[in-house]
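Subject: Handing over the model

Hi,

Here is the structure I said I would pass on. Have a look, and then read on for what turned up in it.

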Amino acid sequence: MRNDLTIIGREITVFVLAALFLALMILPIYIDVAWMNDALHETSFTETTQEIMLAVIAALFFITAHRRPAQRGALTLVAGFYSCMLIRELDFVFDAIQHGSWIWFALAVTAGCLAVALRTPKKTLHALARLLQHRSWPVMASGFLVVLVFSRLFGIHALWQHLMLGDYNRVVKNMAEEGTELLGYGLCWLASVRYLWQTRPAAVTVSATQPAAARHTSSPVTSY
């Protein structure tokens, strides 16, 4: 019973902290709209927050990949994916070199990460499978879907033009789209941090020392 109460208390704490974190995600939008006079552009607080979160996530996965040889290939692929998302968000920076040149930097990162992952294909596949079994994956996948699918569809011009008719205001559409993207990146950040924390070597060692009966009764999703 004590163990059950500990689990419930821990999950409630995680839920409250996640709620507070996501509530803070509205702050950059509020600053851009209320303080910066609807300054939702490529260097706005909202987009800068998105880029900072992507940079932090990518850095955490790259650092962890360096420290965990058995998971290096899989973690490098994840880090590379987030890095490519960051490069895409910073396309206006690469446009100073040549319009659309961000794609070449993204391809270079992809090639480098694939080269690392393919050095140990079996370990990479195993680590990727464990990631997909972890409880953090559904949250991370939800973040991806919000950013890559829902926000794109939610930001379709025709939808907002029909909604506002002759009073169409692009800033309103941008706020809705960028706010949705920020939510998606927030979910990715929460899931990434929790995954890397729960799979740290100390946590895995403690899990490995549990009684055999307890390990057999745990599902592969929650025991890792």
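First, a term: a residue is called buried under 20% relative accessible area, exposed over 50%, and partly exposed in between (1.4 Å probe, protein chains only). By that rule, 36% of the chain's 224 residues are buried. Bear in mind that this is a predicted model, in which local features need pLDDT of at least 70 and side-chain atom pairs count only at pLDDT 80 or more, while totals for chains, interfaces and linings use all residues. Numbering starts from 1 along each chain as its sequence is written, and side-chain values use heavy atoms, with hydrogens and water left out.

The overall picture: the chain has 12 helices and zero strands. Those labels are DSSP runs numbered from the N terminus (H or I of at least four residues for helices, E of at least two for strands). The accessible surface is about 13,400 Å², and 71% of that belongs to carbon and sulfur atoms; the areas come from the Shrake-Rupley method with a 1.4 Å probe, and for residues only the protein chains shown count as cover. As for contacts (heavy atoms within 4.5 Å), take those between residues at least 6 apart in sequence: 70% of them join residues at least 24 apart.

Now to helix 8, residues 137-154. Its 18 residues reach 24 Å from first C-alpha to last, close to the 26 Å expected at 1.5 Å a residue (that is, 1.5 Å times one less than the number of residues). There is a bend of about 40° at Val 146, taken as the angle between axes fitted to the seven residues ending there and the seven starting there. Val 146 is also one of the buried residues of helix 8, along with Met 140, Ala 141, Gly 143, Phe 144, Val 147 and Ser 151. What do they pack against? The buried residues of helix 8 meet helix 3 (45-67), helix 4 (72-89) and helix 10 (170-198).

That leads to the nonpolar core, meaning a set of buried Ala, Val, Leu, Ile, Met, Phe, Trp, Tyr and Cys residues joined through side-chain atoms within 4.5 Å. The largest has 25 residues, and Phe 61, Tyr 82 and Met 85 touch the most other members. Helices 3, 4, 8 and 10 each supply at least two residues of this core. A separate core has five residues, including Cys 84, Ile 87, Phe 94 and Trp 102. Beyond its neighbours within four places in sequence, Met 85 is in contact with Leu 54, Phe 144, Val 147, Leu 148 and Tyr 185.

Ser 192, in helix 10, counts as buried because its relative accessibility is 2%. Leaving out residues up to four places away in sequence, Ser 192 touches Ile 57, Phe 61, Tyr 82 and Met 140.

Finally, Gly 112 in helix 6 (residues 102-117) is partly exposed, at 36% relative accessible area.

Over to you!
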